[in-house]
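Here is a short tour of a two-chain model, written for someone who likes to have the geometry at hand. Have the viewer open as you read.

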Amino acid sequence: ELEEKYGTSISKGLSSARAAEILARDGPNSLTPPKATPEIVKFLKQMVGGFSILLWIGAAFSWISFGIQFAQGAESPFDNLYLGVVLALVVILTGIFAYYQEAKSTNIMASFSKMIPQQALVIRDAEKKELPADQLVVGDIVEIKGGDRIPADIRLIFTQGCKVDNSSLTGESEPQSRSCDFTHENPLETRNIAFYSTTCVEGTATGIVINTGDRTIIGRIASLASGVGNGKTPIAIEIEHFVYLVAGVAISIGVLFFIISVSMRYKILDSIIFLIGIIVANVPEGLLATVTVSLSLTAKRMAKKNCLVKNLEAVETLGSTSIICSDKTGTLTQNRMTVAHLWFDDQIYSADTSEDQTTQPFDQSSQTWTALSKIVTLCNRAEFRPGQENLPVMKRVVVGDASETALLKFAEVVLGDVMDIRARNKKVAEIPFNSTNKFQLSIHETDDRNDKRFLLVMKGAPERILERCSTIMINGKEEPLDSEKAEAFQTAYMELGGMGERVLGFCHLYLPENEFPDTYPFDTDSMNFPTSNLCFVGLLSMIDPPRSTVPDAVSKCRSAGIKVIMVTGDHPITAKAIAKSVGIISATSETVEDMAKRLNVPVERVDRRQATAAVVNGMELKDMSLQQLDEVLCNHSEIVFARTSPQQKLIIVEGCQRQGAVVAVTGDGVNDSPALKKADIGIAMGIAGSDAAKNAADMVLLDDNFASIVTGVEEGRLIFDNLKKTIAYTLTKNIAELCPFLIYIIASIPMPIGTITILFIDLGTDIIPSVALAYEKAESDIMNRRPRNKSKDRLVNEQLAVYSYLHIGIMQSVGAFVTYFTVYAEQGFLPTTLLGVRVNWESNAINDFEDSYGQEWTKYQRTYLQWTGYTAFFVILQVPYLTHGMLRCFQIRTSFLTPRFQYWFVAVPFAILIWVYDEVRKLFIRRYPGSWWDKNMYY
Amino acid sequence: MGSKTWRELAGDLKLFLWNREERTCMGRTATSWGLILLFYFVFYTCLAGMFAFCMYVMLLTLSPYTPTYRDRVSPPGVMIRPYLHGFTIAFNVSKRSTWQPYVDSMHRFLAAYDDKVQEEKNIECVAGRYFVQGGHEGEEKKACRFKRSLLQSCSGLGDPTFGYSRGQPCVLLKMNRIIGYRPGAGVPVSVDCKVQKGNESDLRSVDFYPGNGTFDLMYYPYYGKITHVNYTSPLVAMHFTDVKRNNLVPIQCSLKGEGIINDVNNDRFLGRILFTLSIGK
């Protein structure tokens, strides 16, 4: 049937000709990379984004006025040419900087293509051939052996002990066995399909290729991931908002003063030059670079705390996160099975599940425990890799599957040297676990020399084990297994199962010496020994336990107003149990089902709104409309999504985003990558994570620890606060740069500060104090605030703009003007002389310009004085920050024309004034929260 | 969010300007506006007061007679007269209207140097040494006479056209005033002219007055316009008696003397001056 469907033959394979035909039709078996925007386009985008367009306009105006002046033969037209060049350079350099930052974080498809297997063993023309995997076509017969990467989606037709590792695709951590049987409708669940790019762990298999390239499951996920639009990060939106605001101010003031200067009968050309000056003064050229530098400093700090940030803007995103959708396995849990509970003597004992357990606290005095521990130790094929004696038990590498490993480690912790015990109880026969028997059995000699009996130990699915037992051990004595005891067993089994734990049953039987003497030949095929009427000893349950740091981290997230949602591919019961133990579902809250159970009413009649928690199954999610999903997300504060598919994860993330939330997603598998990409911030696991997940993510947790996210949130919030300070600082400067222009135009005084000097401040000296603000310490309540509301708590709000522009900015300008007048007065030009002097001052022809004392100045001497003024003005803009004790040496070095030392003192009263004013502002805000002052002065 | 229609935007704007329900204009109620305006009034008044105070204190520190620093204004720059629009003196001998403005400019400038005026206001000083006047800083200082007649054939007394009518123009050169400056360090500063970047023979002869084209030491130092009220800058007249006609002749006249700098590239008026003579028939 299959042969027919795919037009092939199982024994002979396709003919080469036919294969070539199909290859021509379907294309090669590889993932198509996404259509990349050409690099040049990306680069040009950087060149016109943000303030760049304003600066380009400025540069264009400079060149136009140069052209006009040059044509008119004016004396020094080159000033404008240079200004234009400098402006263009500024734009190009900041553009290159931004482009470089962006280029670092765009290589998602790279890892998908890395996963493609190089060679595949194919049957074609009735011959086995090695072919490059991208030559595979639908219908090809492929042979796979342990260790191979699966070359395409394959329908298996012959298997032998084949297991595949699907972890990168579905997130299941254990290897899945594969057979030829069709077991499930869902292709992801069925046993007879092996998926492209997964790994065959052991065994061999032969199969028919059913999908190639982009049509494979992973191809679909890949296209899903790259198809997901990467929305703007919150900080990008904030900065855009800021750019609009500043650009609006710049343009309106520029145009206003253009009109004023034209109506004051300035020449149009001069007015244009004023316009350029106003634009340059208003635009914080260095700010975007400063933001990048601040972010990367924070990113560095976070990297030290095991959060590797790939996309710089993600640093802040984490701070504004309001919902975290966390994967379970590996993130919240330790990703290894551990014995959590034991049941013997009709009692449940808890075991220690922490990461660094060395002893087990439960009562070990019972005879039953002695028997149980013997079974646990002996009926186990797992072994430690040799040479790890010095490592703690939990850190040792084990050969064997997950549950056997758990049992081995458990036994090692409780009993000591397991390998020695095994050596003393020599194994004589063994039946390994298989899915039809559902048990594992071995027969041992005992270490008691007087006891010549053999010991048969067995473990397996509890109900199967119980079926084979006729007695049960209570307090070391065998008692008949009556219905009462069976009931007790059922209760315990249900209870452990209800905690989402994997339960195993253990039983044993001492074989009578007379029937089974020393030399008895045990044959595991014919089973010439009893496998029923055994003695039931106890149950052990295992779980992948939560990391010890997680509950604390979750509660911190809670107090920081972040909702933590668990999204997992695991079973609802396990998911819920883990959610409860880490606090995602808090102790007091109930799901609808819990309430129904408590009130003893059908689920439908429970008021859904009263349930704070919800566990949603992937199947239910499938049938939900978007409104229903929104309702779930809205009404329940504690949500667990279980059994979810990659698409569903995406839907959940989108649902959260529809609520206006900033969503962080953690994940490790390929299956998570679309959701990681879609999330406002995707967080991948560094150790367990697949490359695809790491590539799709904005951030990688190097230690796979959820608690690191909390650190990240704190850093993110801190950087937001600090960026606010940076911007307040920068905007303050803008006014002090702008005022000189306005007064220059209106009062016709010599130019207090030049355009190039402004650029020098913005791009040079301003950056370091701004960056220094990134080191500011966090407020004490930073982790007790709610996450900021995207639409309300803006980076730049009215108060911040008003405070920096109209309060501090004006104060600084006044201080700067005092200095300006001082410089001129001390050189001979009293303030009264300066007013209205502009035209003669700037005339090249007047070289005997008289000052207030009767001295005469050449044009160049005046210009030189003007530069001294620039320098003084420039220095004064830095002085207020000197009083804050910042960067003293730095500013001394940057004064290119050393001004007289005493000019530095002129602005000191103003520096003190600004400092006092700001402190008083903060004091009042602290003293009178909610007052008029608070509302108007807090930003 | 999405984009809003213009109508909605207009509605929002109207609501922003005047919200009837909350009685707010531009997001603030009357009391709120009152408070904020009061705040800014007080704030800016205080700031203005502080500005005024600082300026007042700063002005108190200044001497009314001598500026605190004089390093940007020295060494002296140089200017010429006649000065109309630029540094090209171009005229046709035969056309009076082309040179009359220059002549008028010269007469206007030299009015302050009229012998009568000088005799009336200023004193005769001892030539050849600096005229240092001690005493209190605020005392009025005497100024030395610089009579127009010292310029001889360029004085405009004998030839009221300063030679322009004959194609032999006079150009006056003056050194910028600097308070307390003593040019030449004991040796009078002299003036020399030559053709700049051109045929040397275009400028065949120049006569300098007074003397050999020197600024006599007795006119220095200058004490500032408050105390040195009648000070008149000494001049050197350059009589270009033989300049190539119908040609643009670029001329550079520079000061020579101790402490004079005349070769700064950026400042073409520091210790020298460049101008062009263009004399037509």
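Predicted model: local features only at pLDDT ≥ 70, side-chain atom pairs only at ≥ 80, totals over all residues.

Although Ala185(B) is not a glycine, its phi is positive, at about 50°.

Two further backbone features of chain B deserve a look, both of them cis peptide bonds. One joins Arg81(B) and Pro82(B), and Pro82(B) sits in the loop between β1 (78-81) and β2 (88-92) of chain B. The other runs from Tyr209(B) to Pro210(B), with Pro210(B) placed in the loop between β5 (203-209) and β6 (214-215) of chain B. Their omega values are set out here.

| Cis peptide bond | Omega |
|---|---|
| Arg81(B) to Pro82(B) | about 5° |
| Tyr209(B) to Pro210(B) | near -15° |

Now to the place where the chains meet. How many residues does the contact take from chain A and from chain B? Chain A gives 48 residues and chain B gives 49 residues. The size of an interface is often given as the accessible area lost when the parts come together. Between chain A and chain B the buried area is about 4000 Å², with carbon and sulfur atoms giving 59% of it.

Polar links cross this interface too. There are 21 residue pairs in polar contact between chain A and chain B, counting those with both residues at pLDDT 80 or more. On the side of chain A that touches chain B, at least two residues each come from α29 (798-827), β28 (856-857), α32 (859-882), α35 (908-927) and α36 (932-937). Of these, α29(A) gives the most, with 14 residues. By type, that side of chain A divides into 26 nonpolar, 14 polar and eight charged residues.

Six salt bridges span the interface of chain A and chain B. One salt bridge pairs the side chains of Arg177(B) and Glu856(A), at 3.8 Å from N to O. Over all chains, the count of salt bridges comes to 32.

Within chain A, Arg396(A) and Glu412(A) form a salt bridge through their side chains at 3.4 Å, N to O. This pair links distant parts of the chain, 16 residues apart: Arg396(A) is in the loop between β12 (383-384) and β13 (398-399), while Glu412(A) is in helix α14 (residues 402-415).

Finally, look at a helix pair in chain A. Helix α3 (residues 39-48) and helix α4 (residues 52-72) pack at about 75°, their axes 6 Å apart. That angle makes α3(A) roughly perpendicular to α4(A). Gln46(A), Met47(A) and Val48(A) of α3(A) make the contact with Ser52(A), Ile53(A) and Trp56(A) of α4(A). Four of the contact residues are nonpolar, two are polar and none is charged.

Terms used:
Residues numbered from 1 in each chain as written. Chains lettered and ligands numbered in written order. Heavy atoms only, no water. Contact = heavy atoms within 4.5 Å. Buried area = accessible area lost by both parts, 1.4 Å probe. Salt bridge = Lys/Arg side-chain N within 4 Å of Asp/Glu carboxyl O. Polar contact = N/O pair within 3.5 Å; in protein donor to acceptor, adjacent residues only side chain to side chain. Helix = DSSP H or I, 4+ residues; strand = E, 2+ residues; numbered from the N terminus. Nonpolar A, V, L, I, M, F, W, Y, C, P; charged D, E, K, R; others polar. Axes fitted to C-alpha atoms, helices over the stretch in contact; angles between N-to-C directions. Parallel < 35°, antiparallel > 145°, perpendicular 65-115°, else oblique.
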